[in-house]
Amino acid sequence: MKRKSVTSRDVAQLAGVSQSAVSRSFSPNAKVSEKTRKKVMDASRELGYRPNTIARSLITRSSRTIAVVTYSLENPFYSSVLEQASRFFQAQGYHLLMFFAPPGGSFDAVLDDIIRSQVEGVLMLAITMTQRQAGLVDDFGIPVVIINRTVDYAGISQVSSDNVQGGYWAGRHLASLGHQRIAYLGGLPDSSTHQQREAGFLEGLHSMEQACSAIEIGNYRYEDACEATRRLFSAPTPPDALFAANDLMALAAMEVLRHEFNLRVPRDVSIIGFDDVPMAAWPSHSLTTVRQPVDLMIQKATELLMKQVAQEETQPEHLILPVTPMLRKSTRHHADHN
């Protein structure tokens, strides 16, 4: 026989509370005493009751769902961002709905699905968005915050780190160490992070009266970065220093140089990354890198999104957060060159 489903009325009767008290007990931000909540939870466990979030969303017209759009979780930096965002929204009583855009990071492929899903807000994680796409989302009235990408559109909140300054520091630092053939291993060419880090890097080299010796594209992916590194170091005059637009590619380059080219890091080649993912500090890597303030990025982005979801009167904000150089052992010291 099919088991009869347990309703909130059954729970209320067993707990000796009103049906509305049962509903409030399952709403994270609702006002209800701990004594009442405990009665409701005990009765729910005894009866095997599970609240119907779909039915509740139809009544309240609130899906309690936030869409997260990304193109890959290969980069450990985005895994950290996603974990922290999940914990924040979960504490607010919201669920995350994941959408994966194609590897190029185009938003068109998932835009229709997001609109149909009735989410209350969208957190875009490293997705390249055009002005046209930004305008479409804005027209639909869906609150959106972009993390780690920028778009030339005033109507959407954006939180990124100072990519130009990070690239500038990397260029100046490698030049100051006496390197003469300094290359750039870029990410996705259309992404704002690639373009801004490259612009800062070239400016930093120029400030030291140097130019970039070579540019290759690794698309922010491990295998693509390995291939790009092989191309760079198979050249007749290979680089003696490398700035990679993220740590994942820097680590890929390090592996290829050590195990395929028998080069020593940093004695033969200095390497700088960008992000400061946890494994960058592992002793076997000890990667010099540019740290993005991931905690602050998530704090600002999630707060901005929740204000919009709550329909508070807020203007879109474009936040650029400071970066921090992290000096480790993958780059020479100033005393190491003549």
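## Sheet and strand pairing

Two strands are taken to pair if DSSP finds at least two bridges between them, and the strands and helices themselves are DSSP runs numbered from the N terminus, with helices (H or I) of at least four residues and strands (E) of at least two. On that basis strand 4 (residues 144-147) and strand 5 (residues 157-161) pair in the parallel sense over three bridges, and Ile 147 has Val 159 of strand 5 as its bridge partner. The model is a predicted one, in which local features need pLDDT of at least 70 and side-chain atom pairs count only at pLDDT 80 or more, while totals for chains, interfaces and linings use all residues. Residues are numbered from 1 along each chain as its sequence is written, and side-chain values use heavy atoms, with hydrogens and water left out.

## Backbone features in the loops

The peptide bond from Val 265 to Pro 266 is cis, with omega near 10°, and Pro 266 has its place in the loop between helix 11 (247-259) and strand 9 (270-272).

Asn 219, a residue other than glycine, has a positive phi near 55° and is found in the loop between strand 7 (214-217) and helix 10 (222-233). With a relative accessible area of 22%, Asn 219 is partly exposed, given that buried means under 20% relative accessible area, exposed over 50% and partly exposed in between (1.4 Å probe, protein chains only). Asp 276, also not a glycine, has a positive phi of about 65°; Asp 276 sits in the loop between strand 9 and strand 10 (289-291) and, at 14% relative accessibility, counts as buried.

## Salt bridges

A salt bridge is counted where a side-chain nitrogen of Lys or Arg lies within 4 Å of a carboxyl oxygen of Asp or Glu, and by this rule the count comes to ten. One of them joins Glu 83 to Arg 87, with the closest N and O atoms 3.1 Å apart; both residues lie in helix 5 (residues 76-91), four residues apart, or about one turn of the helix. Glu 83 is partly exposed at 43% relative accessible area, whereas Arg 87 is exposed at 57%.

Another salt bridge is formed by the side chains of Glu 216 and Arg 231 (2.9 Å, N to O). Because Glu 216 lies in strand 7 and Arg 231 in helix 10, this pair ties together parts that are 15 residues apart in sequence. Arg 230 forms a salt bridge with Glu 260, the closest N and O atoms being 2.8 Å apart. Since Arg 230 lies in helix 10 and Glu 260 in the loop between helix 11 and strand 9, the pair ties together parts that are 30 residues apart in sequence. Arg 230 counts as partly exposed at 24% relative accessibility, and Glu 260 likewise counts as partly exposed, at 43%. Glu 227, Arg 230 and Glu 260 are linked in a network of salt bridges.

## Aromatic pairs

A pair of aromatic rings is described by the distance of the centres and the angle of the planes. Rings of Phe, Tyr and Trp (its six-membered ring) pair if their centres lie within 6.5 Å, and planes under 30 degrees apart count as stacked, over 60 as edge-to-face and the rest as tilted. The structure holds six aromatic pairs. In one of them, the rings of Phe 77 and Tyr 78 have centres 5.4 Å apart and planes at 70°, so the pair is edge-to-face; Phe 77 counts as buried at 4% relative accessibility, and Tyr 78 is buried with a relative accessible area of 4%.

The rings of Phe 201 and Phe 243 have their centres 5.2 Å apart and their planes at 40°, so this pair is tilted. Phe 201 lies in helix 9 (residues 192-207) and Phe 243 in strand 8 (residues 241-244), so the pair ties together parts that are 42 residues apart in sequence. Both Phe 201 and Phe 243 are buried, and together with Tyr 184 they form one aromatic cluster.
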